[in-house]
Structure formats: structure tokens, C-alpha cells
Amino acid sequence: MKFKKIVCTGCSLLCDDIIIEENDNGRIEQIIGACVRGKERFKSIKSQNRILTPLIRENDDLKEAAWDEALKKTLQMIEDSSNPILYGFSTTSCEAQAEGIRLARAIDGFIDSNSTICQGITLEKSKETGVTMTTLTEIINKGDIILLWGFNPIESIPRLLNKILFSRGKFRMTGREIKTLIVIDPVETASYKIMGPRDIPLLIKPASDLELIQALKKICKEEMEIPSEGIAGIDKMDLERLVANLVDSENISILIGQGMLQPSDDGDPLKELLELIEILNTVNEKGRVSIIMGGGHFNMTGFDQTALSLTGKNHSLQFKDSTLIDTEDNIITKIEKNDFDLSIIVGTDPISHLPLEISKKLVTKPMILIDNKKNSTYYVADVVLPTAITGVETDGTAFRIDEVPIKLTKLYDPPNDLPSDEELLIKINNKIKEE
Amino acid sequence: MIIIPTDNFMDLYKLLPQTNCGKCEPKTCMAFALELLKGNVKIADCPPLSEDPKYKDKLAQLQELIGAEEGKKKELRITIDDELCDGCGICVTICPVNARYCYSTLSGKVPDYPPDEHQLFVIKDGKCELLALDQCRRITAQGRERECRVCETYCPREALEISYDIIDE
Amino acid sequence: MELRLNSIRLIEHDQAEEFTFGEIEKMEENMAIAFINPEDFEEMYLTKSLKLHLFNEHGEVVVRFEQDEKIPKGTIAMPVSIWSNQLTSTKNGKLLNKNIPVNCEASRDPPTKLTELIKKIKKGGET
């Protein structure tokens, strides 16, 4: 029996303390320490829905094809198009994301990742207000207050609260008893079950985050008193405790989730939250407030960082004549306006996670899918190119939820000599350069 | 397996004299309550409770609470519901025995494998597994520390349950 | 009856995981589901053998349901999947998938299958 320490790519926490036990044939016997999401990621190598050869659609059915034929058809489709879009890239390594941006530049395309409908918006808004980042180790060792706003990590990132709230850091040796948890959510999620005597559960009325944030801005600057009837369904005593905790503690981390990213008619709750954090950082004399942006896919943050370092913009990159041009569009508006004639989908499932009115328009044009298993998009794509599973069958770099880069580990060789996403995109890029 | 209606021995302790007079074998009321729960002593083994008329009400309530379980030997059980558990590892990090012997749980990391002989919980293949029940605080500690229930209180899916079950004879 | 829909993440009902491991029938059974409050269950005169038909201006779908008292009265929760995205929409280039008005009624039809949904998407939404 051999024991190895590996990195798990089940979610954006990228746990690097997972131990696997291998038998003499080099196969996994047991996985120690990983949650159910991580265990499923490792077991997916043997999945029956894995794609092992390229496929081309003829007369509404997908037929197996050789690699040469599939690549030839792909390049033909790219050459016939003049306005292609590329989408996905949040389950691939950073090196593959860089190749994707180079491909978009070479074919005058528009490239975007899942972060454009998720935390990429927060990162872009923070350019106007400024934001303080922090790392998980800081919260483990020095954190006092953890505030979950519209975020339920127990269902999406199971080990997050284990690591930051229950651990006994160097300067917080009493662990759970000294850290305070505040949860703001309209529904009583599973995060309310781990509350202790110092914690503050707040059940807010649906769609009234903006009201609460605007009131908190005035209260923290002492321009307004807390009204006796409370705000947005929260009563006065709870609000007093919330304000006292925010203004008087040393290290506060706010974790933002999908609940805060909903668009609203009356204003911009996300921007106002970032401004509230700026105000708190000036009013609070002892400490500081920082944010962590919660997302599910394991390398969504990586695309933001790769795109920022290559082009200066973190999402929605439009290229024309091999240069980046300004645009107000993102992937949703481009599909809505039918402003594309070919789509290349890499490692994601837009037919499942985009609303019906968008997926209806996406299928009207030709589509190329690069993925390792079947999903809803597989049933409508015109060409399917299989690749290896990142983090298990190939290595690379990925960024964690707190923007720390982690090196992934390779365990096995892929079946059928499948290329990794990076190798496939390099091949396509080289062939386009030759012509 | 019959499970006693209350597995919190503090409920039993509140109905005892709480004087620590020393006339019973465990010598303190706190320890007597736990031994009563586990079936190692009977209510009659507390002389003030049975003889002094001012404890008549407490005696009656105690007899009703324990009922037919008096004297039947029970032992500690920690059961984990496999379908509810999602492998989050909060029980591994928060158990005070794990924190004392496995230093990597101090920062929330996975303890070494093969496990230390004192380690109580380990996450195998995405589910929690109990390793060494005899190391639990409820068995090895003295005084108030015996009433340790942190793993049951803080499990977010309520998959852990602490109970005292009758030993099959 | 009109309710508000929230699409949420649930570990036990995760479409990507179902696609990796299961047959299509098992995935349909696990993902075509909605959670309602027991008081709403009474007011809609539902029984355990019926299904729910959800529809609004964007689309419609038939799913099975389960009762859960944590769901606030007047709302309904569905895991994020191709079934819940028949009812969501976009606004200003962002996804709108919480607090969406939907109409709810009891139905004897079986839950919608994946192949029917794909056909609907391909035909451009004509049913």
C-alpha cells in the first residue's frame, strides 16, 4: 500500500491535504479526507457516460469519427464563420484558458467564461470602489467574524466552514467559541444549524438587500438611528448587534454568493455593498473588512486572473483584427441579439444552466463541444471533441476561491491517449496559423 | 435495541439531592447520575433520595423517567447516518480528542493516515467513520467534560446521534 | 396558485454528478423535483400521487414534489437544472433565478423527460 498527498478539483476550495491509498497496481483503494464532491470527481474516470472518441453529427445522429476527420471539420467550421463566440473554460487549467484567449484573438472571436454570470461581475465592480482581499489562512489564524450574505456553503463547498470557522488558528486557539458567524438569507438554510450562542441568524425579507445596505451605510456613518420597527424584516435588537459587531471587531470577512448577484430594478445592491465595506474600513478603528467571492467551478477565478494578466480585462473579451476592442456585451447579450454564427463550448453545459430563451437561440447556429462526458449540450452539438479530466489525468495551474494559485497533480494517463484541453487548443491554434 | 427516553444525564442530575454527601459508591451526584443512566446503579443506591421525605417528589419523577430501564446495562453509541453525511469533516476538526492528538486538525486540515490510536473520526470515501469509541470524552474524562456533545451539536446535516443503548445479553 | 420560485444548489440533487454516474432515467427522477411548504400542499388540494405543473411567461414543466417545512410559505424551491431553467429568465445581461413568479397546479401527467426538453429547445420553443 502506498499513500500519496494530492490536490482535489471537486470545487473551488482546491483542498491540497487529501490522502489516497494506492494498491500495488497503482489503482485507488481509498480516498481519505475528501467530501462527497471530491470523491465523485475521482470516481468519474470510470464513468459510463465518458466520451472516448470524436463524434460528428449526420442527419440528427452523432457518429464516431477519426481525429483527423473531426479536426478537419472543426477548422472548416471556423473558417466558414466570421463572428464566433467561445464560452466555458471554468473547468480547465489556466494554461488551457490562455490558449483559448489566443485562439479567440486569431479568429476574431468573442470569449467569455462562467464568471460573467457569477463573480466576474463583483471583480469588475470592485475596480470602481476598491476592495480588500484576504486569504483563507488569514481567516483561520486571525478571523473574528464571518458573514455569509446570500451564500450557502454547506451545499456548494462542504469543507469551507470546517476550515475557516471550526479550526483553531495560531491567534484564535479557542476556535469555534471565539469566532462569530452571521448569516443573512431569506430562507432558513442548513447554515443556521451550526449556530452557537454568540452567532446572529438574520432572516431578511426576499429581494430587500438593497434597502438593508442603504440603511446600514447611513447608520455606520451615524447619520441615522436604527428605526424601532426594524428594516427589511429584521428587528431592532438584531440590527444593533449586527452594527456593533461590524464597527467594533478586528477582522471581518464577508462571503458573497449567488443571492447577492441578482439584478434589481431600483439600483445596484452589489455596488452598494462594496461601498458599505469602504465606509466600514474608514469607520472601524481597530481592524478591516475583506471579501471572498464564492463560486462553484474549480477554476472560475483562474479565468479572471489569466484574462486580466493577458489583456487587462477580466471577462467578455471581443477581438477584431487581432486586437481587443471595447464592448458593452457579455455572452448573454450576444446570444440574445443573435450576434454570432458559431459557438465553441469548452467544459460546461449551457443548455442546462442558461434560461430557455437563451438556449433556444444558441442551438440555431453550429456548435463545437470540447468536454470529457455527456451532458445536455452533447445532444445538440454538431462536433464533439473529447479531452482528459483536468486535475486527475493531466496537471496544470488553478486558482482557489481566495485567488491563491495551486498546482494540480496528475494521477493516471488518460484512456485512448486523449489530449488535454491545452494540447487540443494548441493543435487547433497551430493549424490555423499554417493557413 | 431499546433507547432510553432521555440520554442527557443532566436531566437525571437535576432530580438528585446535589449535595455530594458521599454516601453512594461514585461519591458525587454528577457521577451517580451517569452511572444511573448506564444501569450500573439503581435509584435505591442513593440513601438520602429514598429515605428523606423532602425528596419524595424528585424520587417519583426519577422513577417515572427511568421506568423499566433501571438496572439494565447500557453503553455509549455514536451512530452516523450514511445517507445524510456529506463528508464536510466538521466532526473531525471540532472533536477535542482529535485536537489534542492530531495537530493538523488545528488548522482544519486532514489528519495523517494511518490514523493515530486516539483519533475518533476519519472521513473515508466521502463519509464519516468512527474509529476508536473508547477514546471519546464521555468515557475517559471526569466531571463536566463528560457531557461533551460537540460532534452532535455542530453537524450541519444532523447525521450524528449520541445515545445509550441496552447491551444485548 | 401563484408562488415564487428560487433555484438553489443541493448536494444530493446535482445535475452534473447525475450525468457522470447514472442512467438518464435515474437523473430525471432525481432532478425533476420541487420542494413546497406543507401548508401550500394543503391549500392546493394535492395528494402524494399527483405531480406539479409549473408555468409562467417563459415556459412550462411538469415535476414531482416533496414537502419540506423549511421552505417559507408562498415559495417553492428547485435544484438548478435544465428543468428549473425552463422558468427563469435574464435581465440586463444577468441571470434572474430567484424570486420568480410562477403558477402552480396539480397534474396527472408524468414528469417531463430530458428528450422532450431537448426537442423543445431545438424547435425554438414551439410545443
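These legends walk through close-up views of a predicted model, one view at a time.

View 1. Let's start with the overall division of chain A. Contact is made between six residues of domain 1 of chain A and five residues of domain 3 of chain A. On the domain 1 side of this contact with domain 3 of chain A, four residues are nonpolar, one is polar and one is charged.

**View 2. The nine-stranded sheet of chain A.** Here is an open sheet of chain A whose nine strands follow the order 5-4-17-16-15-6-7-13-14, with mixed pairing. Strand 5 (61–64) and strand 14 (323–325) of chain A are the edge strands, each pairing on one side only. Ignoring direction, neighbouring strands of this sheet are turned by 25 degrees against each other on average. For a look at one pair, follow strand 4 (residues 55–58) and strand 17 (residues 383–386) of chain A, which pair in the antiparallel sense over two bridges. Within this pair, Val384(A) of strand 17 of chain A stands opposite Leu55(A).

**View 3. Helix 3 against helix 15 in chain A.** Helix 3 (residues 94–106) and helix 15 (residues 421–434) of chain A cross at roughly 20 degrees, and their axes come within 8 Å. That angle makes helix 3 of chain A roughly parallel to helix 15 of chain A. The crossing of helix 3 and helix 15 of chain A is left-handed. From helix 3 of chain A come Glu95(A), Ala96(A), Glu99(A), Gly100(A), Arg102(A), Leu103(A) and Ala106(A). They meet Asp421(A), Glu422(A), Leu425(A), Ile426(A), Ile428(A), Asn429(A) and Ile432(A) of helix 15 of chain A. Sorted by class, the contact of helix 3 with helix 15 of chain A holds seven nonpolar, two polar and five charged residues.

**View 4. Helix 8 against helix 10 in chain A.** With axes 10 Å apart, helix 8 (residues 209–220) and helix 10 (residues 269–283) of chain A pack at an angle of about 20 degrees. Helix 8 of chain A is therefore roughly parallel to helix 10 of chain A. Helix 8 of chain A passes helix 10 of chain A in a left-handed crossing. Among the residues making the contact are Leu210(A), Ile213(A) and Leu216(A) of helix 8 of chain A, together with Leu273(A), Leu276(A) and Ile279(A) of helix 10 of chain A. In the contact of helix 8 with helix 10 of chain A, 10 residues are nonpolar, one is polar and four are charged.

**View 5. Chain A meets chain B.** In this view, 27 residues of chain A are in contact with 23 residues of chain B. On the chain A side that touches chain B, at least two residues each come from strand 2 (18–22), strand 3 (28–32), helix 1 (36–43) and helix 7 (160–164) of chain A. This side of chain A, which touches chain B, has 15 nonpolar, five polar and seven charged residues.

**View 6. The two domains of chain B.** Chain B is assigned domain 1 (9–72) and domain 2 (79–166). Their centres, taken over C-alpha atoms, are separated by 30 Å in chain B. Six residues of domain 1 of chain B are in contact with five residues of domain 2 of chain B. Helix 2 (residues 29–38) of chain B gives the most to the domain 1 side that touches domain 2 of chain B, with four residues. By class, that domain 1 side of chain B, touching domain 2 of chain B, has four nonpolar, no polar and two charged residues.

**View 7. The barrel of chain C.** Six strands of chain C form a closed barrel that runs 1-5-2-4-3-8, with mixed pairing. Its neighbouring strands are turned by 45 degrees against each other on average, direction ignored. Strand 1 (residues 2–8) and strand 8 (residues 100–107) of chain C pair in the antiparallel sense over four bridges. In strand 8 of chain C, Asn103(C) is the bridge partner of Glu2(C).

Methods
Residues numbered from 1 in each chain as written. Chains lettered and ligands numbered in written order. Predicted model: local features only at pLDDT ≥ 70, side-chain atom pairs only at ≥ 80, totals over all residues. Axes fitted to C-alpha atoms, helices over the stretch in contact; angles between N-to-C directions. Parallel < 35°, antiparallel > 145°, perpendicular 65-115°, else oblique. Left-handed = near helix turned anticlockwise from the far one by under 90°. Contact = placed C-beta atoms within 7 Å. Nonpolar A, V, L, I, M, F, W, Y, C, P; charged D, E, K, R; others polar. Pairing = 2+ DSSP bridges. Domains from an automatic or database assignment.
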